[in-house]
Amino acid sequence: MKKLESIDLSQNHLSGEILLSLSSLTFLSHLNLSYNNLSYNNLSGKIPLGTQLQTFDALGYIGNPQLCGNSLPRNCTIGEESQTRTPIGKTEEDSNNSNFYIGMVVGFAVGFWAVCGVLFFNKTWRHAYFKFFDDVKDWVYVTTVLKVNWLLEKLRSCHL
């Protein structure tokens with residue numbers, strides 16, 4: 001059993017402290033003890049100090065509020081949530097990301113209505129705007145026809 005690489009004991013209604021013998025499993029690369037709670041008891045205490053038990057992701061211990069350790073928001077020495085850590089599943093970048101998306105939506109709305117509003121209310125700008133795109137369309141059409149005719153001429157001259 002010392003060569004186990006993965007253990008998933010999630011949702012098994014385990015209670016008490018995590019066994020110290022788990023720290024001797026040196027090949028262990030995945031441990032999931034999440035949601036081992038009963039209505040009256042669950043996994044509790046400090047995660048055993050060992051080679052890799054302290055380095056596993058906090059999601060492997062989620063749902064066991066009485067557990068504490070280095071990889072968890074609840075620090076054993078303080079007895080309450082650490083001030084330097086964020087709750088499981090949340091990062092400091094989450095607020096930055098949401099601010100970015102809010103700013104992007106507001107910027108799009110303002111830019112869109114600035115262009116559409118000007119075109120809607122200013123008749124001369126509206127005509128100039130659509131004339132510009134009509135001219136671009138004509139230029140693309142003429143250029144394409146001339147290039148295709150030039151290519152066909154080249155192909156005809158090669159076959160003769």
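This is a predicted model: local features need pLDDT of at least 70, side-chain atom pairs count only at pLDDT 80 or more; totals for chains, interfaces and linings use all residues.
Q: In what order do the elements of the protein run from the N terminus on?

A: Helices (H or I, at least four residues) and strands (E, at least two) are DSSP runs, numbered from the N terminus. The protein has two helices and four strands, in the order β-β-β-β-α-α.

Q: What share of the residues counts as buried?

A: A residue is buried under 20% relative accessible area, exposed over 50%, and partly exposed in between (1.4 Å probe, protein chains only). Of the 160 residues of this protein, 22% are buried.

Q: Which residues have the most contacts inside the largest nonpolar core?

A: In soluble globular proteins, nonpolar side chains tend to be buried together. A nonpolar core is a set of buried Ala, Val, Leu, Ile, Met, Phe, Trp, Tyr and Cys residues joined through side-chain atoms within 4.5 Å. Here the largest one has 15 residues, and Ile18, Leu28, Leu31, Leu53 and Tyr61 have the most contacts inside it.

Q: Which residues does Ile18 touch?

A: A contact means heavy atoms within 4.5 Å. Leaving aside residues up to four places away in sequence, Ile18 touches Leu33, Ser44, Ile47, Pro48, Tyr61 and Leu67.

Q: How many aromatic pairs does a search of the whole structure find?

A: Rings of Phe, Tyr and Trp (its six-membered ring) pair if their centres lie within 6.5 Å; planes under 30 degrees apart are stacked, over 60 edge-to-face, and the rest tilted. The search finds seven pairs. One of them, Phe108 with Phe112, is stacked, at 5.8 Å centre to centre and 20° between the planes. Both residues lie in helix 1 (residues 93-121), four residues apart, about one turn of the helix. Phe108 is exposed at 59% relative accessibility, whereas Phe112 is partly exposed at 38%.

Q: Why is the pair of Phe120 and Phe121 edge-to-face?

A: The ring centres of Phe120 and Phe121 are 5.0 Å apart and their planes stand at 85°, so the pair is edge-to-face. Phe120 is exposed at 60% relative accessibility, and Phe121 is exposed at 71%.

Key. Residues are numbered from 1 along each chain as its sequence is written. Side-chain values use heavy atoms; hydrogens and water are left out.
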